[in-house]
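Have a look at the structure first, then try each task before reading its solution.

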Amino acid sequence: MNWFRLNEFLDTSRLCLKVRPHEEDGVAASSSLSSVHGFVRSLTRTDDRGRVIVQRGGLCATRSLRYVLLDPAAEFREMVAEARAVVLVGGTMQPVEQLIAQLALSHDVVRFSCGHVVPSDHVMAAAVGHGPAGVQLEFNYESRGDVAMDLGDAVVRVATLVPGGSVLFFPSYQAKDDALACWTARGAMARLDAVAKVFSETKHAKDSDALLDAFARHVEDTGRATLMAVVGGKLSEGINFADKLGRCVIMVGLPFPNLHSAELKEKMAYLDAKFPAKGTRASQRYYDTLCWRALNQAIGRAVRHRRDYAAILLVDHRFTREGVADKLPLWIGTGLQAHSTFDHVEHELAQFFRRMQHSTHDGVGQQAQ
């Protein structure tokens, strides 16, 4: 098949505009032919900055064929050349060094980061390295049962102090399910459910709205609930846990992406080839950046307006290391405190919520509109 002739035909015939898209629930969906045209156009590229990723599966629904651009610098330079100025704006761009390097931006980049609309004393940010039993908390594929159990005990004790909803973000569905299985087997789940009823995100995006509604109703009716979510899942992006829905956000571990992903492997190999190692490899810097951006996206779901307040707990001893604050948004990083014991965290958390409930009078603040 001649991909160049096919692409030319699709361009000149404007066939994608002539085919009426189908409708789902009365709403017109984008034409699948447009996606095919985009893929064909990608195959006509003559450089080595892209890869075709083939995903095989037993069912047609799990198979895919897609083009991935590994280096957007050339396309970005074209936009810069045509503009007087280019402004990149985002709430979760930190850390930005990797972005600047990948886009090959010149040295005259002006960087600006502003604070949050909420006062600094409306946010408590704590790095928690040890659980109530003194176990050093590190969450990875080799984590032992006592680590998960000490996390469960910590969550129960935190939930008793939170005047509203607590949202836990896990690095993956497997990590979440493993923790819940451990807590259920050892009794922590029953204790947590009694204090703040537990709701757990599933892999099925269609269930998210109903889950979120049930969580919100329980917080409204009883004053407390716990939501177990996953970084990269639907609840970690685009959902606002304002006011009492997200009085406490708990990040469990570091959400590093899957190293076995074909797309990630190709991207990391490309970066190492383009940027020869000078100290830390470019691929490792990119891998770390993906982790921190996903983390920042998740914890940014809370504190949504100037009268809001919340506690943000980063639970893993790696969060207590030097330099972590520089990888977080300014409004969190500047106030981040690393605590040596869980008792100290518990004490600070109780004081924070007592002070905020007194200052807001009603204990829940005003719901954002």
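Helices (H or I, at least four residues) and strands (E, at least two) are DSSP runs, numbered from the N terminus. This is a predicted model, where local features need pLDDT of at least 70, side-chain atom pairs count only at pLDDT 80 or more, and totals for chains, interfaces and linings use all residues. Residues are numbered from 1 along each chain as its sequence is written, and side-chain values use heavy atoms, with hydrogens and water left out.

**Exercise 1.** Find the helices that each supply at least two residues of the lining of the largest pocket.

*Solution.* Start with the helices: they are α4 (73-81), α5 (97-102), α11 (282-299) and α12 (330-333). Next, sort the lining by class: 27 residues are nonpolar, 13 polar and seven charged. Here Ala, Val, Leu, Ile, Met, Phe, Trp, Tyr, Cys and Pro count as nonpolar, Asp, Glu, Lys and Arg as charged, and the others, Gly among them, as polar.

**Exercise 2.** Which helix gives the largest share of the lining of the second largest pocket?

*Solution.* First list the helices with at least two lining residues each: α6 (145-159), α7 (173-186) and α11. Of these, α7 has the largest share, with five residues. By class, the lining holds 20 nonpolar, nine polar and three charged residues.

**Exercise 3.** Is Ser283 buried or exposed?

*Solution.* Begin by locating Ser283, which sits in helix α11. Its relative accessible area is 1%. Buried means under 20%, exposed over 50%, and partly exposed in between (1.4 Å probe, protein chains only), so Ser283 is buried.
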